Structure formats: structure tokens, C-alpha cells
Amino acid sequence: MSEPHIYLDYNATAPARPEVIETVARVMARVGNASSVHGPGRAARQDVEAARAAVAALVGAEPRNVIFTSGGTESDNLALKGTGGRRLMVAATEHGAVLAPALLHDAQAVILPVDGEGVIDLAALEQALAASDRPALVAVMLANNETGVIQPVARIAAIAHAHGALVHCDAVQSAGKIPVDIEALGVDLMSLSAHKLGGPQGIGALVLGHDLEIHAEIVGGGQEMGRRSGTENVAGIAGFGRAAALALAGLDGYRALATLRDGMERRLRGIAPQARVFGAGAERLPNTSCISMPGVRSDVQVMTFDLAGIAISAGSACSSGKVSASHVLEAMGIPHDEAMTGVRVSLGWGSTAAEIDRFVEVWEELYRRSGRQADAA
Ligand code: PLP
């Protein structure tokens, strides 16, 4: 298989920043368990605490409220299961890391509908909260991994809190791409993942908006103030901290990607006016485009682009490999056949205008070829 040299799949995982690779290698080369009291242990602890401060700064939290985990999936699970027997209410477009534990953990979990742009239905939320027989935990992502659609999280939090609910926000796709402030959003818990912002895979955090009791899922040695046991992944944590600091400093660059992304969408729609940009009517991340190619299935598109050396994704990366329509597009009411033609293109700090030109060229070739084949059939 050819090695992709145009990488337009930042939402699946972003390339590790060179500074992060340097940090991870440097920290790994040293011995030290962050729980040990001797010199090497204290040095490891220092690395962990410096990273905790950097991750906290990325989302405006207190460092003591950052709990390091193995990534976004574990953070989402901990948030949903660690807040103690609440009625779970989650948006229909959430990532599987939220949907699966909600459905597994609460037989009466409420799946909140979204509108045609993928934005949560606030009236349905109000209704569900008013009808609930016990305090709820509302889980809603800040930005969707497939469409980039941004939810009105601060409004959702205000509504939920008025009903005594807690609010969890999966900010895995937002942190490092748009400004994220846990206090301004008013959420109680927030998930982050390092590999979406230039850090290592397999490290993330659950961040608390205030001092909130959380029941540990993983118990043992009592690390992370008893909230997540297991020897800290010092090198991964240090890499996460470095990536968080770089992401915070690079937010303006991310904002500028919208120009590149919007230009690309305009050109694709110029080639095929029926091509639809999903969620385009809502506020979106600046780097993400989920777009249909009329008549061409998303898996065929992904393979064709791969052969041309361009990496994109059909729906969410976690469900790639299976040919079914994205649950996100289905929840938005997109007809099945059209949803099957949607792909996700996600840009990042390494993306260039020349790469987008090449992407558009391959897109046009494939679209015209499929049209000719349809005519000949
Ligand atoms: N939440 C969202 C919105 C995601 O996009 C992802 C990853 O694709 C996750 C959670 C899971 O994060 P991780 O890969 O760190 O487990």
C-alpha cells in the first residue's frame, strides 16, 4: 500500500509535533516512577506536574482538576460511569466512546435528537430533563469529529444545571482547534485526547470544572489522587503537556485553515453542484469538511484517494473498515444513499494550498469518471 503523502485526516489523529517527539524521547530516556520519593522519582513527578499545568491552561482549568487517562475513550467512560447512577442523556451524534457506555450503563439512557445541521434540539433536552425521575448527566460534545459542527454547550449547560444535572463535554476534537474554556462553557467534566492535537496516542485527560467527586473506574495504587490508578505514563504525559502548550500557541493558525477549507468546498460544489457539505449551516470547526460526492460511495472515494497518495476518512476513523452509513449523518436525517457518499476531510497545521489543489483535482477526476461510467451503464 502506498504511504500517504498528503495527510488530510487530522481528526483521526494528528501528526506528532517534532517538539513532542523530542520531549517523549528525552523523558523516556530517564528512569523514574512519578510515585517514587527519590531523586529520579521526583524528576518524573516534576514532568507530570508541569504537563498537568500545561493541559489545564489549554482549557482554563485548575491543574488539580486534571486527571490523566489513557485517552478520550477512557475519559468519556470515566465521566459517564464515575458520576454515580445518574440518568444519562447524550446527543445522538456523540462519539461511540460516549454512546456505548451510556447505553451499556443506563438501560433508560436518553438519546437526544439533533436538527438537520447536527445541532442538539434544546426543547427535547428541556423535556427530557423535566421528565427525568433522577438527577441527570448530560453528555454533549463541543465539536463533532465527522462534521466539525459545534454545539451550543454553554446554553446546554445552563439548561441542564437549572434541572440539577451535571454536564460532560467531549472536547477531544475541539481543544487545540478552537479556544476552549471550561469555565466559560460552564461544564462539570471535559474529555481531552493528546493525539488529536499533536501529542502521543494513548494519553488523555478528564478535566473537572470544579472540585467534583469522581468514582474511580480503575483502582489500585491510588495515583491521580485516587481517581485513576496505575503508574503514570510519564513520557506520554510530558508529550501531551508539550502538545497542549504548542496547540494553545497555534490557535490562530488553526483559525486560518477555514479559508483553505471554505475555498475547497466552493470548488467542489462548483464541479458538482449537488455535492452537499454536511452541517454547513451550523458553526463548525475551521479544519473539518464532511462532503458528499454524488453517486460515489465513501469507501470507493477513500480507496481512490489512498491510491493517489491522499489520506482522508469515510465518517469516523473508529468505524472505518465497515461499510455502513455514519450514525452522525443518519441522526441529522440525511437520506441513507446520500449519507453513504459522505467523506471527511480534516486539515491541520501542515496542510497547504497545493495539497488542497491536488485533492480537488483527484476529486474532480473521480467524479467525472463515475459520471461517465453511469452514462455508459
Ligand atoms: N471523542 C471524540 C469526539 C473523538 O473523535 C475520539 C477519537 O476519534 C474519541 C472521543 C476517542 O479518543 P481516543 O482515540 O483518545 O480514545
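Glu224 counts as buried because its relative accessibility is 6%, where buried means under 20% relative accessible area, exposed means over 50%, and partly exposed lies in between, judged with a 1.4 Å probe and the protein chains only. The model is predicted, with local features requiring a pLDDT of at least 70 and side-chain atom pairs counting only at pLDDT 80 or more, while totals for chains, interfaces and linings use all residues. Residues are numbered from 1 along each chain as its sequence is written, and side-chain values use heavy atoms, with hydrogens and water left out.

Glu224 is placed in the loop between β8 (204-208) and α8, these names being given to DSSP runs counted from the N terminus, with helices (H or I) of at least four residues and strands (E) of at least two. Its phi is near 55 degrees, which is a positive value in a residue other than glycine. Met225 is found in the loop between β8 and α8 as well, and it has a positive phi of about 55 degrees although it is not a glycine. Most residues other than glycine have a negative phi. Met225 has a relative accessible area of 63% and is therefore exposed, whereas Glu224 is buried.

The loop between β8 and α8 also holds Leu212, which is buried because its relative accessible area is 17%. From C-alpha to C-alpha, Leu212 lies 8.8 Å from Leu189 in space, while the two are 23 residues apart in sequence.

A polar backbone atom of Gly72 is 2.8 Å from an oxygen atom of the ligand. A side-chain N or O atom of His195 lies 2.9 Å from a ligand oxygen, and a polar side-chain atom of His95 is 3.3 Å from an oxygen atom of the ligand. On its own, the ligand has 390 Å² of accessible area, and the protein covers 88% of this.

## Aromatic pairs

The structure holds six aromatic pairs. In one of them, the ring centres of Phe68 and Phe240 are 6.1 Å apart and the planes stand at 70 degrees, so the pair is edge-to-face. This pair joins distant parts of the chain, with Phe68 in strand β2 (residues 66-69) and Phe240 in helix α8 (residues 234-249), 172 residues apart. Both Phe68 and Phe240 are buried. Rings of Phe, Tyr and Trp (its six-membered ring) pair if their centres lie within 6.5 Å, and planes under 30 degrees apart count as stacked, over 60 as edge-to-face and the rest as tilted.

One aromatic cluster is formed by Tyr7, Tyr10, Tyr254 and Trp349. Over the ring of Trp349 sits the charged end of Arg17, 3.8 Å from the ring centre; for this, NZ of Lys or CZ of Arg must be within 6 Å of the ring centre and within 35 degrees of the ring normal.

Asn11 lies in the loop between β1 (6-7) and α1 (18-28), and it counts as buried because its relative accessibility is 1%. Its side chain makes a polar contact of 2.9 Å with the side chain of Lys177, and a polar atom of the Asn11 side chain lies 3.1 Å from the backbone oxygen of Asn145.

Asn145 is found in the loop between β5 (136-139) and α6 (153-162), and its relative accessibility of 5% is why it counts as buried. The C-alpha atoms of Asn145 and Ser174 are separated by 8.8 Å, although the residues are 29 apart along the chain.

Terms used:
A polar contact is a pair of N or O atoms within 3.5 Å; within protein, one must be able to donate a hydrogen and the other to accept it, and residues adjacent in sequence count only if both atoms are side-chain atoms. Accessible areas come from the Shrake-Rupley method with a 1.4 Å probe; for residues, only the protein chains shown count as cover.
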